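Welcome, and thanks for taking a look at this one with us.

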Amino acid sequence: MLSSESLALIDKEVAKYPAEQRQSAVMSALRIAQVEKGWLSNEVMDFIAHYLGMQPIAVYEVATFYNMYNTQPVGKHKLCVCTNLPCKLMGADAIAEKLKKKLGVEFGETTEDKQFTLVEGECMGACGDAPLLLVNNHRMESFLNEEKVEALLDELKGK
Amino acid sequence: MVIQGGPVIFNTLHLSDSWKLSSYESAGGYSALKKILAEKTPAETIIAEVKTSALRGRGGAGFPTGLKWSFMPRQFPGDKYVVCNSDEGEPGTFKDRDIMRYNPHALIEGMIIAGYTLGAKAGYNYIHGEIFDIYEGMERAVEEARAAGYLGDNILGSGFSFNLYNHHGYGAYICGEETALLESIEGKKGQPRFKPPFPASFGLYGKPTTINNTETFASIPYIMREGGQKFLELGKPNNGGTKLFSVSGHVEKPGNYEVSLGTPFSELLQMAGGIKGGRKLKAVIPGGSSAPVLPGEIMMDCTMDFDSIAKAGSMLGSGAVIVMDESVCMVRALERLSYFYFEESCGQCTPCREGTGWMYRVVHRIEHGQGRPEDLELLDSVAANIAGRTICALGDAAAMPVQGMLKHYRHEFEHHIEHKKCMV
Ligand SMILES: Cc1cc2nc3c(=O)[nH]c(=O)nc-3n(C[C@H](O)[C@H](O)[C@H](O)COP(=O)(O)O)c2cc1C
Ligand code: SF4
Ligand code: FES
């Protein structure tokens, strides 16, 4: 179900916790699985449940509680724009509007070609770099302006 | 973004590769740990030093750290834990990220000293989900410390063993609440626990646990190296030390500033380059989004410390200073904050789950010109009925911004309701 690279990464996480607490690695395991698969299908979550000795429902609970897990398929590039107050003061709304217009989608939607999903985010603990967004959860683009947004979309389209 | 160094937290900033172990050591890093291990300093002595320093928790509540440490049943047989709260997600706060980025070893040394003092053999550092590169950087820093013999079994031949692990969150503000954070490390959804029992008796995996903020732990090496008295004197009585202030919003130079507690707000604002574009200061949220807003005039008379900001009717919280100029509509600002608490409520308690939704919907309709004359009283009442009636402090955190806005900017809300539009 998961590649041996992903399993090795999960094992490294499991080793951080007491032997009888494998469940503690579930958040990392889901993250690692999502990087490989793009989203968390029930099959993937069932596999992780089995791997960590958890009930599948306990894994679903975790995956649906935390915002960064994709429990539905998303576009190749998920863009998450922070619109919380400090970012808003720095022009996050204009960035969000620009993205909506360029991509032709609203928050929570995926482009027809399945390249981009746009979502609204909450404070990422980086408000000094506002406005900003996350690409596929792990890459932060800071101090955005309209030109940077254009350049980012061009770069991602090529990938 | 600007980062202004200081003696306690950002003491390696002037060095190239400030985050490296060698940089930290050359600035005196790990000397406190070495001394403690060599001299087998008694835990009571360390706790007394931390008490002298008047270090107050940097995570939001400002609880005295020495006192918190004294609650830990150190002699209790079996496992005990120290946990670092790096789940910084309180809107406006971005200091812990820069501690981990620019001086991760101050945090690591602080946690090892805490582990030694509190009888813990392991520590976990819970890192906010959205800053994956910081998580990776912390993983490298921990590896570096392990390779140098500061972490692991029998540290520096002292017989003391301590391991430290990073745990990566994945997008839930509520996990900043300490018991939700523990649930999350246990691999569950992050729903806060009923208290008591408190973590000092029933914490991670049911074992005695002490939880502190990143900046709190990162202040410990200085205190043990230079002495609690010297730390205290950096700040003011009851408010020891320097503190990081994350200044965001309408300033010329947003950033993290390490300054003495008790520094006048006007000075901090000046360091941050003043209000952007030379406009006028309107209001400040002085301690993260949960802190009640204060009008600029009041802030200009405040000093940046727990007591002064509390006296002015707000709180220093995490030290996140959100600056708003005259162009900001307070109804819109509150609408966004109320949405945040509604979105992030974990849903366990009815007053919080229902109340946050209610407050958001009412502020939303006021902002959109559909406010009703009775709405402000409704907001007062919903806020009052959440505060103090929930399992965790998120309920209060949602109510306080509403109460602060209605206290100081009621006229803007009334104007919105009456004229169906904004006055700014
Ligand atoms: C909703 C909520 C969110 C919180 N978020 C954080 C956080 O991101 N970081 C933090 O250190 N403390 C946060 N806290 C406070 C913690 O519960 C806890 O008091 C703190 O980590 C203790 O550390 P300190 O004594 O060093 O301040 C939060 C509390 C609540 C109720
Ligand atoms: S106050 Fe809100 S966030 Fe805290 S436990 Fe209750 S419902 Fe959850
Ligand atoms: S408000 Fe956007 S990162 Fe904090």
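What is the volume of the second largest pocket? It comes to about 560 Å³. Please keep in mind as you read that this is a predicted model. The largest pocket has a volume of about 1300 Å³, and the space taken by ligand 1 is that pocket. Ligand 2, for its part, sits in the largest cavity.

**The largest pocket**

- Its lining is made up of 44 residues, and those closest to the centre of the pocket are Gly59(B), Ala61(B), Gly176(B), Glu177(B) and Glu178(B).
- Four elements of chain B give two or more residues each to this lining: strand E2 (81–86), helix H5 (95–102), strand E5 and helix H17 (394–419).
- E5(B) gives the most to the lining, with five residues.
- Sorted by class, the lining of the largest pocket has 18 polar, 16 nonpolar and 10 charged residues.

**Ligand 1 and its shell**

- Ligand 1 is surrounded by 18 residues, of which Gly59(B), Lys68(B), Asn212(B), Asn213(B) and Thr216(B) are the closest.
- Which element provides the largest share of this shell? That is strand E5 (residues 209–213) of chain B, with three residues.
- Eight residues of the shell around ligand 1 are polar, six are charged and four are nonpolar.
- Two asparagine side chains approach oxygen atoms of the ligand: an N or O atom in the side chain of Asn212(B) is 2.9 Å from an oxygen atom of ligand 1, and a polar side-chain atom of Asn85(B) lies 3.0 Å from an oxygen atom of ligand 1.
- Asp87(B) takes part through its backbone, where a polar atom is 3.1 Å from an oxygen atom of ligand 1.
- How much of ligand 1 does the protein bury? Of the 610 Å² that ligand 1 exposes when taken alone, the protein buries 89%.

**The second largest pocket**

- This pocket is lined by 32 residues, and Asn67(A), Met68(A), Lys78(A), Val119(A) and Glu120(A) lie nearest its centre.
- Both chains supply elements here: helix H4 (56–65), strand E1 (77–82) and strand E3 (116–121) of chain A, along with helix H14 (330–344) of chain B, each supply at least two residues of the lining.
- E3(A) accounts for the largest share of the lining of the second largest pocket, four residues.
- By class, the lining of the second largest pocket divides into 13 polar, 13 nonpolar and six charged residues.

- How many cavities of 30 Å³ or more does the structure hold? There is one, and the largest cavity has about 70 Å³ of space.
- Of the 13 residues lining the largest cavity, Cys346(B), Cys349(B), Cys352(B), Cys392(B) and Leu394(B) are the closest to its centre.
- The lining of the largest cavity includes no charged residues, and divides into eight nonpolar and five polar.
- Ligand 2 has 13 residues around it, and the closest are Cys346(B), Gln348(B), Cys349(B), Cys352(B) and Cys392(B).
- The shell around ligand 2 has eight nonpolar residues, five polar residues and no charged ones.

Note on methods: Residues are numbered from 1 along each chain as its sequence is written. Chains are lettered from A and ligands numbered from 1 in the order in which they are written. This is a predicted model: local features need pLDDT of at least 70, side-chain atom pairs count only at pLDDT 80 or more; totals for chains, interfaces and linings use all residues. Side-chain values use heavy atoms; hydrogens and water are left out. A residue is near a molecule or strand if one of its heavy atoms lies within 4 Å of it. A polar contact is a pair of N or O atoms within 3.5 Å; within protein, one must be able to donate a hydrogen and the other to accept it, and residues adjacent in sequence count only if both atoms are side-chain atoms. Accessible areas come from the Shrake-Rupley method with a 1.4 Å probe; for residues, only the protein chains shown count as cover. On a 1 Å grid over the protein atoms alone, a cavity is a set of points where a 1.4 Å probe fits but cannot get out, and a pocket is an open set with protein on both sides within 12 Å along at least five of seven lines; lining residues have an atom within 4 Å of a point. A molecule sits in a cavity or pocket if more than half of its atoms lie within 2 Å of its grid points. Ala, Val, Leu, Ile, Met, Phe, Trp, Tyr, Cys and Pro count as nonpolar, Asp, Glu, Lys and Arg as charged, and the others, Gly among them, as polar. Grid points are joined across faces, edges and corners, and a volume is the space filled by probe spheres set on the points.
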